[in-house]
Amino acid sequence: MIVELDSSEILVCECIGRMRSLIARSANVKDQKIGNQNGSNADVQGFIAEYAFAKQFNVFPDLGLIPRSGSCDGKLKGVAYDIKSTHIKSGHLLATKKVNPDVDMYVLCVVTKNQVDIKGYIFKKDFIKPENLKRFGNATHESYCVEQSALKPFKPIT
């Protein structure tokens with residue numbers, strides 16, 4: 001499911017993503033990214049994915065600019081979700097070992113310039129399991145990891 005953002009939407013996402021990064025680091029919130037990408041760029045990419053998901057499912061994105069650790073990115077039909085993003089087309093859904101009690105469902109989005117491909121979702125009970133713990137890529141710690149084939153696709157909105 002591809003969501004295309006216009007240049008104004010991308011600009012808003014870049015501003016919010018960079019502001020979130022600055023606010024979090026200045027409040028000593030530990031950067032939870034798993035890959036070796038720049039933290040600020042990861043925050044922008046993450047917010048682009050959050051915004052595109054909200055746009056696709058007609059929910060309001062969290063525009064908050066307060067330091068936070070944990071919590072969900074939003075709710076869809078009463079289900080609390082956490083958006084995970086990557087720029088790698090065949091990327092895996094990854095989450096740290098720090099289990100977020102506020103999340104029911106994890107969503108993977110692949111961000112490429114102004115397009116976001118919402119790959120699918122997995123419920124926490126199916127994702128946060130010992131058999132999904134892996135040391136992925138150059139990571140120094142294990143994280144929860146599943147391939148895209150383990151995700152359930154969202155139904156198109158008609």
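Leaving aside its neighbours within four places in sequence, which residues is Phe 53 in contact with? The close-ups below take up this question and others. This is a predicted model, in which local features need pLDDT of at least 70, side-chain atom pairs count only at pLDDT 80 or more, and totals for chains, interfaces and linings use all residues. Residues are numbered from 1 along each chain as its sequence is written, and side-chain values use heavy atoms, with hydrogens and water left out.

**View 1. Contacts of Phe 53.** Beyond its neighbours within four places in sequence, Phe 53 is in contact (heavy atoms within 4.5 Å) with Leu 76, Tyr 81, Ile 83, Val 107, Ile 118 and Phe 154.

**View 2. The largest nonpolar core.** A nonpolar core is a set of buried Ala, Val, Leu, Ile, Met, Phe, Trp, Tyr and Cys residues joined through side-chain atoms within 4.5 Å. Buried means under 20% relative accessible area, exposed over 50%, and partly exposed in between (1.4 Å probe, protein chains only). The largest core has 24 residues. Ile 48, Phe 53, Val 107, Ile 118 and Phe 154 touch the most other members. At least two residues each come from α1, α2 (39-56), β3, β5 and β6 (115-123). Helices (H or I, at least four residues) and strands (E, at least two) are DSSP runs, numbered from the N terminus. Helix α2 gives the most, with seven residues. A second, separate core has 13 residues, including Ala 80, Leu 93, Tyr 106 and Ile 128. In soluble globular proteins, nonpolar side chains tend to be buried together.

**View 3. The open sheet of five strands.** The strand order is β1-β6-β5-β3-β2, and the pairing is mixed. Two strands pair if DSSP finds at least two bridges between them. Strands β1 (2-4) and β2 (74-76) stand at the edges with a single partner strand each, so one side of each has no neighbour in the sheet. On average, neighbouring strands are turned by 40° against each other, direction ignored. Axes here are lines fitted to C-alpha atoms, for helices over the stretch in contact, and angles run from 0 to 180 degrees between N-to-C directions. Strands β3 (residues 79-86) and β5 (residues 105-112) pair in the parallel sense over six bridges. Thr 86 stands opposite Val 110 in β5.

View 4. A salt bridge puts a side-chain nitrogen of Lys or Arg within 4 Å of a carboxyl oxygen of Asp or Glu. The whole structure has seven. Glu 9 bridges to Lys 55, with the closest N and O atoms 3.1 Å apart. Glu 9 is buried at 13% relative accessibility. Lys 55 is partly exposed at 39%. Arg 20 bridges to Glu 50, with closest N and O atoms 3.2 Å apart.

View 5. Asp 117 counts as buried, at 17% relative accessibility. Its side chain reaches the backbone nitrogen of Met 1 at 3.3 Å. Not counting residues up to four places away in sequence, Asp 117 touches Met 1, Ile 2, Leu 108, Cys 109 and Val 110. Lys 119 forms a salt bridge with Asp 117, the closest N and O atoms being 2.8 Å apart. Lys 119 is partly exposed, at 27% relative accessibility.

Definitions and conventions. Polar contact = N/O pair within 3.5 Å; in protein donor to acceptor, adjacent residues only side chain to side chain.
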